[in-house]
Amino acid sequence: MSWMAAPRTRRQSKRFVAQSRPEPSAVRSPTTRRLVVPEGDWQTIRSDLELRGWSSSQLDVIQAELRQGWPLRIAVRHAALRLGTCPRGSKSLG
């Protein structure tokens, strides 16, 4: 009679137990990056420009220009040229 070894089965170790609750970092919503330029925080700049009469489409262009690294003064100029208007006068610029 030959002796057959029983197949080995591995039991799960209880040393590493899955957490019952997710970690706080996993619970948080994805972090949103704030746009900060040398002239200040985008939210502050945006509200200032809104008070001066800039429209939401113009503000979107300005924000895109700032993200590309243009200074605020140039970003505002680009938005006015690209859209053809500025808030101080509704004359076409080009």
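## Overall architecture

The chain contains four helices and two strands. Read from the N terminus, these elements follow the order α-β-β-α-α-α. The model described here is predicted.

Of the 94 residues in the chain, 22% count as buried. The chain exposes about 8600 Å², and carbon and sulfur atoms supply 53% of that area. Among contacts between residues at least 6 apart in sequence, 36% join residues at least 24 apart.

## The nonpolar core

The largest nonpolar core has 15 residues, and those with the most contacts inside it are Trp42, Leu49, Trp54, Ile62 and Leu66. Helices H2 (42-51), H3 (56-67) and H4 (72-83) each supply at least two residues of this core. H4 gives the most, with five residues.

Ile62 illustrates how residues from separate parts of the sequence meet. Leaving aside residues up to four places away in sequence, Ile62 touches Trp42, Leu49, Trp54, Leu72, Ala75, Val76 and Ala79.

## The packing of H3 and H4

Two packed helices are described by the angle between their axes and by the distance between those axes. The axes of H3 and H4 come within 8 Å and cross at roughly 135°. An angle over 145 degrees would count as roughly antiparallel, and 65 to 115 as roughly perpendicular; H3 and H4 are therefore oblique to each other. Their crossing is right-handed.

On the H3 side, the residues in contact are Ser57, Gln58, Val61, Ile62, Glu65 and Leu66. They meet Leu72, Ala75, Val76, His78, Ala79, Arg82 and Leu83 in H4.

Terms used: Residues numbered from 1 in each chain as written. Predicted model: local features only at pLDDT ≥ 70, side-chain atom pairs only at ≥ 80, totals over all residues. Heavy atoms only, no water. Core = buried A, V, L, I, M, F, W, Y, C linked by side-chain atoms within 4.5 Å. Buried < 20%, exposed > 50% of the residue type's maximum accessible area, 1.4 Å probe, protein only. Contact = heavy atoms within 4.5 Å. Areas by Shrake-Rupley, 256 points an atom, 1.4 Å probe, with all protein chains shown as cover. Axes fitted to C-alpha atoms, helices over the stretch in contact; angles between N-to-C directions. Parallel < 35°, antiparallel > 145°, perpendicular 65-115°, else oblique. Left-handed = near helix turned anticlockwise from the far one by under 90°.
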